Amino acid sequence: MLIKQLFSATGALALSLDGYTPRQPQIDMAVAVNDALKKRQQLVVEAGTGTGKTYAYLAPALQFKGKTVISTGSKALQEQLFHRDLPQLVKALKATKKVALLKGRANYLCTYRLSQHVAHVPTDDSDVMHQLAMVAKFASETQSGDLADCIGIEDDAKVLPYVSSTADNCLGKECPDFQHCYIRKARLDAMEADIVVINHHLFFADMAVKDSGFAELMPTADGYIFDEAHQLSEIASDYFGESISTKKLVDLINDLRAIYRSDLHDMLQLGKTLNKLETSVADLRLQFGLDGSRGDWREKLADKAICAALHRVISDLDFLYQVLKLCLDRSDKIEHPFERTLAFKGQLERVFDTAQTGFSYWYETTRRYLTVNITPLNVSAKFAQMMKDSGAGFIFTSATLSVDNQLDHFNASLGLKPANSMIVDSPFDYQQQALLCLPRYLPESHAANMPHAIIKLTLELIKSAKGRCFVLFTSYRMMHLVAEGLTTQLDYPVYMQGQMSKRIILEKFTRHGNAVLLGTASFWEGVDVRGSTLSCVIIDKLPFAAPDDPLLQAKMQDCQLQGKDPFAHIQLPQAVIALKQGVGRLIRDSKDKGVLVICDNRLVTRQYGQVFLKSLPPMRRTRSLALANQFLEQIN
């Protein structure tokens with residue numbers, strides 16, 4: 001059946017989907033996707049909010065004779081595609097294709113690790129104990145083993161490392177539960193399916209595994225479709241590089257402790273060695289101060305105290321390796337952690353070698369862990385080679401790929417040479433539906449009185465909008481300062497990122513109907529609140545990456561060496577795409593109305609402000625806060 005016919009007023013979609021109306025931008029995109037899949041070419045499509053891009057790529061995939069892998073940026077979109085959009089379309093098109101969902105291994109229940117930790121509870125933390133009981137109940141009922149279906153267990157639940165496996169601690173065919181393994185079942189389903197829904201992290205993890213000569217996790221396909229493609233080059237950098245984290249080392253210690261308690265409790269030397277290593281890992285983390293931070297790893301290697309702490313960890317790891325050698329014939333569970341210990345020792349010794357060019361060496365600390373990253377500055381050559389070798393069709397789409405109506409920045413970041421590129425405008429009537437306010441008389445973005453100015457302005461807007469506001473920040477510091485000022489002066493509930501999981505915050509915000517939500521980076525994208533529940537989005541400042549970010553600094557130096565302007569080629573495009581994501585939270589439907597307020601004078605006072613403004617949807621603009629309040633009062 002012709003793609004155009006499918007999307008027409010008398011086609012299969014119109015006949016089976018309530019409220020479906022043909023949209024030319026959606027038809028144009030679907031035709032282009034169909035062509036690219038058939039001809040196995042590269043296609044890049046920026047599809048504005050409301051285009052219906054999901055159906056525009058799913059329908060051609062369901063008609064395509066080959067196997068298609070669809071990759072998304074977030075688990076939320078992955079679930080939506082598999083559980084909602086694909087079943088609707090399969091029914092509408094009477095398609096006979098087999099569809100599978102495949103996630104990374106951390107998302108699946110590992111029955112072996114669950115039984116190990118139920119038998120010997122790994123901690124006296126009451127949260128973990130309670131969650132272990134919940135997962136054990138879930139284990140007796142589940143078919144898929146997908147932990148997202150376990151009610152009460154959120155993405156950040158403390159129990160997850162104890163009931164899922166990692167590439168490091170998975171026993172593979174040696175596992176007593178191998179025949180019933182949920183990851184294995186999911187992979188076998190994916191092998192047999194015509195359409196497999198994955199996410200970007202899994203795609204690149206798979207590429208990294210193929211590079212190292214191991215069996216792949218994911219089947220090879222004839223066509224690849226990447227939604228939320230604006231995230232790809234950053235995720236690719238993480239996987240084409242190397243990360244050494246003390247979190248993985250702590251996981252190893254916990255796994256060995258469980259074996260010690262169950263099988264080797266008379267081996268006191270092992271217990272003492274694990275305690276000693278745990279202390280030296282904690283000491284290494286403390287060398288970096290209490291708060292989270294990130295910076296240049298080469299600079300830290302000049303610090304004698306840090307080097308000494310690192311050498312102590314390596315020495316204690318070496319001693320653990322010697323002790324484990326003695327245990328090998330005592331328990332067959334020791335062999336795998338023994339190999340991990342040796343691999344860790346090699347990784348930690350490698351962090352002293354920072355001589356390779358074309359890489360950024362940087363570290364990051366959270367409150368508990370240290371990670372050292374070796375990240376390539378450019379992934380385009382490697383990604384381009386992978387596409388060429390695969391011989392498949394590659395489609396890239398997102399609502400935010402262009403900068404100043406050009407796709408050059410995105411194409412260059414991945415080494416793309418698309419046979420076809422398109423920017424498909426949103427069908428929404430932004431002139432009628434939205435107002436962009438750039439308020440006058442604000443302090444400069446870094447001024448000390450800026451938080452006070454944002455609190456004052458936000459209070460006005462919240463009252464006019466009767467709650468119903470998102471306030472998006474570029475830093476946690478500003479979010480907390482504004483939160484303190486707002487909560488004491490508002491009658492509406494204020495939900496702040498970090499108080500509970502993202503999903504629960506969004507549920508509470510939507511259910512209340514008149515609430516205020518404060519968030520940083522993770523709320524700038526992948527959040528879909530439709531209708532009158534959200535009628536105002538306030539953005540504190542232009543989302544330029546922090547200038548002291550070590551990876552950004554390395555990319556800028558590299559750009560300078562090539563004789564290019566780092567601001568124009570790196571900082572500005574990244575910030576424009578991030579801003580477009582935040583702005584995209586406001587109008588999600590043809591009936592939505594709302595006000596967007598950006599509290600940054602640079603949009604008006606700097607020349608580059610025009611690049612941002614030209615990249616945003618065509619809303620009416622004002623500098624008057626009074627007009628913004630008036631617009632909100634009218635729609636509410």
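Axes here are lines fitted to C-alpha atoms, for helices over the stretch in contact, and angles run from 0 to 180 degrees between N-to-C directions. On that basis, in this predicted model, helix α12 (residues 246-263) and helix α13 (residues 268-286) pack at an angle of about 165°, with their axes 10 Å apart.

**Helices α12 and α13**
- Because angles over 145 degrees count as roughly antiparallel, α12 and α13 are roughly antiparallel to each other, and their crossing is left-handed.
- From α12, the residues in contact are Thr246, Leu249, Val250, Ile253, Leu256, Arg257 and Tyr260, which meet a set in α13 including Leu268, Leu274, Glu278 and Leu284.
- By class, this contact of α12 with α13 comprises 11 nonpolar, three polar and two charged residues.

**Tyr112**
- Tyr112, found in helix α6 (residues 111-119), counts as buried because its relative accessibility is 14%, and buried means under 20%.
- Leaving aside residues up to four places away in sequence, Tyr112 touches Leu171, Cys175, Pro176, Asp177 and Lys333.
- Tyr112 and Gln5 are 107 residues apart in sequence, and their C-alpha atoms are 51 Å apart in space.

**Strand β16 and its partners**
- Strand β16 (residues 536-539) runs parallel to strand β13 (residues 469-472), to which four bridges join it, and Leu472 stands opposite Ile539 in β16.
- Four bridges also join β16 to strand β17 (residues 594-598), again in parallel, with Cys536 opposite Val595 in β17.
- In a regular strand the side chains alternate between the two faces of the sheet. In β16, Cys536 and Ile538 point one way while Val537 and Ile539 point the other way, and all are buried.

Note on methods
Residues are numbered from 1 along each chain as its sequence is written. This is a predicted model: local features need pLDDT of at least 70, side-chain atom pairs count only at pLDDT 80 or more; totals for chains, interfaces and linings use all residues. Side-chain values use heavy atoms; hydrogens and water are left out. Helices (H or I, at least four residues) and strands (E, at least two) are DSSP runs, numbered from the N terminus. Angles under 35 degrees count as roughly parallel, over 145 as roughly antiparallel, 65 to 115 as roughly perpendicular and the rest as oblique. A crossing is left-handed if the near helix is turned anticlockwise from the far one by less than a right angle, and right-handed if clockwise. Contact means heavy atoms within 4.5 Å. Ala, Val, Leu, Ile, Met, Phe, Trp, Tyr, Cys and Pro count as nonpolar, Asp, Glu, Lys and Arg as charged, and the others, Gly among them, as polar. Buried means under 20% relative accessible area, exposed over 50%, partly exposed in between (1.4 Å probe, protein chains only). Two strands pair if DSSP finds at least two bridges between them.
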